[in-house]
Amino acid sequence: MHNKIIPAYALAFACTLSSHATWAAVSAEQAKQLGTSLTPLGAEMAGNADGSIPAWNGGLGKDAGTLSAQGFLSDPYASEQPLFTITAQNAAQYQDKLTPGQLAMLKRYAGSYQIPVYPSHRSASLPDAVYQAARDNAINTKLVEGGNGLADFSTAIPFPIPQNGLEVVWNHITRYRGGSAKRTHVQATPLADGKFVPVYFKQQFTFRDRIKDFNPAKPGNVLFYYKQLVTAPARQAGDVVLVHETLNQVREPRMAWIYNAGQRRVRRAPQISYDGPYPASEGQRVADNLDMYNGAPDRYDWKLIGKRELYIPYNSYRLDAPSLKYADIVQPGHLNPAYTRYELHRVWQVEGTLKQGERHIYAKRVFFIDEDSWQIALADHYDSRGTLWRTAEGHLTPRYDVQVPWLGVEALYDLINGRYIVSGMRNQEKDPIEFGFSSLSSEYTPAALRNAGIR
């Protein structure tokens with residue numbers, strides 16, 4: 001099947017894109033498609049014409065595999081072998097299902113970068129309560145204040161039947177991640193020869209409806225609370241980042257603080273937003289690169305290009321295996337393709353162009369967003385000259401035990417300097433990921449930050 005992009009206005013379930021409808025929720029009649037021709041989150045229920053993308057049948061069940069004491073899931077697809085592998089030599093044969101970033105990686109690392117393609121599985125599964133919230137959001141949630149905030153929004157996925165590019169981006173920003181999560185993970189920024197010093201983090205976030213003192217009648221403007229502690233190497237250990245992520249970051253900018261263990265002081269950190277440098281990233285990632293994309297979308301005009309079929313990272317259980325060491329994964333130039341997995345899936349393609357008068361190191365960014373989870377799977381970033389500068393991959397690893405379409409490992413490749421940053425690795429860690437706990441808002445205050453960072 002050819003991979004022609006389906007224009008947004010031609011999608012059977014898309015509404016008019018005229019400006020007068022930009023901020024409106026969909027009708028109750030349109031919302032009836034959710035759970036029938038569309039999945040509860042708004043993906044096409046049916047497979048594609050040639051069967052290479054299957055129909056969605058509910059995703060993986062909670063009993064799809066086993067869970068170790070260290071929190072590692074067994075791979076439901078461990079017995080599968082690649083259908084084929086895309087290399088620099090045969091890339092032209094598959095270019096209609098590859099992004100410019102993938103093609104650039106194949107060209108730059110012609111002797112080592114590969115895309116092993118496996119059978120496609122639509123494994124994303126979420127709790128019924130999230131599906132119900134998405135249905136309610138479809139007819140209730142609206143973009144407000146020029147698209148910089150949400151009104152009448154609950155839990156996750158405000159626009160399961162999106163009408164424009166900005167709504168698709170909001171679906172990624174607010175997608176379901178279990179309500180709350182704690183994990184230990186490792187980041188690496190290897191040199192061109194592959195050498196790296198691992199940075200160890202303890203990370204925790206809690207969305208507002210998992211805060212014990214949250215008042216639904218007065219939800220306020222905070223979407224979630226986030227805390228990140230560096231535990232190694234020694235020169236960075238004890239540093240903590242705290243973020244209150246707001247829904248409307250123009251009216252009320254993201255509130256961020258840093259505790260510097262060496263100075264033993266907490267200070268405001270307004271630079272942790274947009275293209276400000278992200279701590280401990282050696283200049284390889286700006287603040288809004290984390291999680292493939294985060295924060296306020298107001299500096300870009302977002303255009304919905306349509307939907308297309310692409311080979312994207314998916315069901316990346318092998319990359320999360322406890323049998324691997326970080327040196328097995330982190331290779332010169334890119335992740336070791338022996339442990340990556342790509343599948344053919346439908347994605348939303350959204351293009352963000354920097355607004356006149358706004359500032360950001362990326363003049364344009366293009367997101368390719370998985371239809372089943374609203375997770376950005378691939379992202380291309382262009383500089384002010386129109387040159388493709390960086391390309392990102394988000395390796396989705398569904399946590400079927402708790403029904404969370406989890407972003408495990410993410411990598412951001414610099415096509416100009418030949419370096420990259422990879423985070424989310426936890427292969428050698430002993431602490432399991434914890435989902436679904438409740439917190440008090442007092443756990444995410446500057447006063448609590450100093451205690452969290454004591455060496």
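The radius of gyration is taken here over C-alpha atoms, and the globule rule is 2.2 Å times the number of residues to the power 0.38. For 455 residues a compact globule would have a radius of gyration near 23 Å, and the protein chain, at 21 Å, agrees with this. The structure is a predicted model, in which local features need pLDDT of at least 70 and side-chain atom pairs count only at pLDDT 80 or more, while totals for chains, interfaces and linings use all residues. Residues are numbered from 1 along each chain as its sequence is written, and side-chain values use heavy atoms, with hydrogens and water left out.

**Overall architecture**

The protein chain holds 7 helices and 19 strands; these are DSSP runs numbered from the N terminus, with helices (H or I) of at least four residues and strands (E) of at least two. Along the principal axes, the C-alpha atoms fill a box of roughly 60 × 55 × 50 Å. Of the 455 residues, 59% are buried, where buried means under 20% relative accessible area, exposed over 50%, and partly exposed in between (1.4 Å probe, protein chains only). Contact means heavy atoms within 4.5 Å. Among contacts between residues at least 6 apart in sequence, 66% join residues at least 24 apart.

The accessible surface of the protein chain comes to about 17,600 Å², and carbon and sulfur atoms account for 53% of that surface. Accessible areas come from the Shrake-Rupley method with a 1.4 Å probe; for residues, only the protein chains shown count as cover.

**Charges and salt bridges**

Lys and Arg count as positive and Asp and Glu as negative, with His and the chain ends not counted; the place of a charge is NZ of Lys, CZ of Arg, CG of Asp or CD of Glu. The mean positions of the 48 positive and 43 negative charges are 5 Å apart. A search of the whole structure finds 23 salt bridges, each defined as a side-chain nitrogen of Lys or Arg within 4 Å of a carboxyl oxygen of Asp or Glu. The table gives examples.

| Basic residue | Acidic residue | N to O distance |
| Lys-307 | Glu-371 | 2.6 Å |
| Arg-426 | Asp-320 | 4.0 Å |
| Arg-390 | Asp-414 | 3.4 Å |

Lys-307 and Glu-371 form a salt bridge. Lys-307 belongs to strand E12 (residues 300-313) and Glu-371 to the loop between strand E14 (364-370) and strand E15 (376-382), so this pair ties together parts that are 64 residues apart in sequence. Both Lys-307 and Glu-371 are buried.

Arg-426 and Asp-320 also meet in a salt bridge through their side chains. Since Arg-426 sits in the loop between strand E18 (420-425) and strand E19 (434-435), and Asp-320 in the loop between E12 and helix H6 (326-329), the pair ties together parts that are 106 residues apart in sequence. Arg-426 and Asp-320 are both buried.

In the salt bridge of Arg-390 with Asp-414, distant parts of the chain are linked: Arg-390 is in strand E16 (residues 388-396) and Asp-414 in strand E17 (residues 407-414), 24 residues apart. Arg-390 is buried, with a relative accessible area of 4%, and Asp-414 is buried, with a relative accessible area of 4%. Salt bridges that share partners join Glu-44, Arg-122, Lys-307, Arg-346, Glu-371 and Asp-372 into one network.

**Further residues**

Lys-227 lies in strand E8 (residues 222-232) and is buried, with a relative accessible area of 15%. Thr-87 is placed in the loop between strand E2 (84-86) and helix H2 (91-94). Thr-87 is buried at a relative accessible area of 16% and, leaving aside its neighbours within four places in sequence, is in contact with Leu-106 and Gln-114.
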